[in-house]
Amino acid sequence: MFDTVTMRGIIFFIGGVLLTASHIIAGPLQQKFEKATFYSVMKSGDLTAIDNEMAVLNDAPAAEREGYIGALLMKKADLQRKAKDKLKFFKEGRIKLETALMADNTNTEFHFLRLAIEEHAPRIVKYRADIEKDKALVIKNFKNQPPAVQHAILDYCSNSKVLHKEDF
């Protein structure tokens, strides 16, 4: 009835239609970066969620990407078992976050991220020099931050010895 070439063509056509339909029904595979999700991942301490969030950030604007990825890498360092891996991820993250801060020293959100990391970083990494400066900047600019960032800052206050809800 049908020759082999025609049958193959029909099979490929139907397969293509099914594949296209599955993408339309499932929606876009790429997630959009959302600050609320980012802070949820930072709080969770789930390695898989951190890796997924870093993948989402690869499509974020370059001006934002480095600071957020840096913070995630330093959080990831905290979750590693081997000291060598902890140090590797922390150094890589520190470079990215500090580079982002040098590029935009007025970014209150990155100062908040650095403050949160500095406060909980082990003393051996000597990453505590800017706690007071970051605290002052976060308090001063709190009201100008997006709601997701304000919520993250207030949520962080419950675990902080430096920032307190009364400061806002």
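Tyr68 and Phe110 are both buried in this predicted model. Their rings form an aromatic pair, one of 9 in the structure. The centres of Tyr68 and Phe110 are 5.3 Å apart and the planes stand at 80 degrees, an edge-to-face arrangement. Tyr68 belongs to helix H4 and Phe110 to helix H6 (residues 108-120), so this pair ties together parts that lie 42 residues apart in sequence.

A second pair is formed by Phe142 and Phe168. The angle between their planes is 35 degrees, so the pair counts as tilted, with the ring centres 4.4 Å apart. This pair, too, links distant parts of the chain.

| Pair | Centre to centre | Angle between planes | Arrangement |
|---|---|---|---|
| Tyr68 and Phe110 | 5.3 Å | 80 degrees | edge-to-face |
| Phe142 and Phe168 | 4.4 Å | 35 degrees | tilted |

Helix H4, which carries Tyr68, also packs against another helix. H4 (residues 62-78) and H5 (residues 83-103) have their axes 7 Å apart, at an angle of about 160 degrees. Because angles over 145 degrees count as roughly antiparallel, H4 is roughly antiparallel to H5. The crossing of H4 and H5 is left-handed.

On the H4 side, the contact is made by Glu66, Gly67, Ile69, Gly70, Leu73, Met74, Lys76, Ala77 and Asp78. On the H5 side, Lys86, Phe89, Phe90, Glu92, Gly93, Arg94, Lys96, Leu97 and Ala100 take part. Sorted by class, the residues in this contact are 8 nonpolar, 7 charged and 3 polar.

As for the chain overall, there are 8 helices and 0 strands. The pattern along the sequence is accordingly written α-α-α-α-α-α-α-α. The chain has 168 residues, of which 36% count as buried. Among contacts between residues at least 6 apart in sequence, 54% join residues at least 24 apart.

Notes:
Residues are numbered from 1 along each chain as its sequence is written. This is a predicted model: local features need pLDDT of at least 70, side-chain atom pairs count only at pLDDT 80 or more; totals for chains, interfaces and linings use all residues. Side-chain values use heavy atoms; hydrogens and water are left out. Axes are lines fitted to C-alpha atoms, for helices over the stretch in contact, and angles run from 0 to 180 degrees between N-to-C directions. Helices (H or I, at least four residues) and strands (E, at least two) are DSSP runs, numbered from the N terminus. Angles under 35 degrees count as roughly parallel, over 145 as roughly antiparallel, 65 to 115 as roughly perpendicular and the rest as oblique. A crossing is left-handed if the near helix is turned anticlockwise from the far one by less than a right angle, and right-handed if clockwise. Contact means heavy atoms within 4.5 Å. Ala, Val, Leu, Ile, Met, Phe, Trp, Tyr, Cys and Pro count as nonpolar, Asp, Glu, Lys and Arg as charged, and the others, Gly among them, as polar. Rings of Phe, Tyr and Trp (its six-membered ring) pair if their centres lie within 6.5 Å; planes under 30 degrees apart count as stacked, over 60 as edge-to-face and the rest as tilted. Buried means under 20% relative accessible area, exposed over 50%, partly exposed in between (1.4 Å probe, protein chains only).
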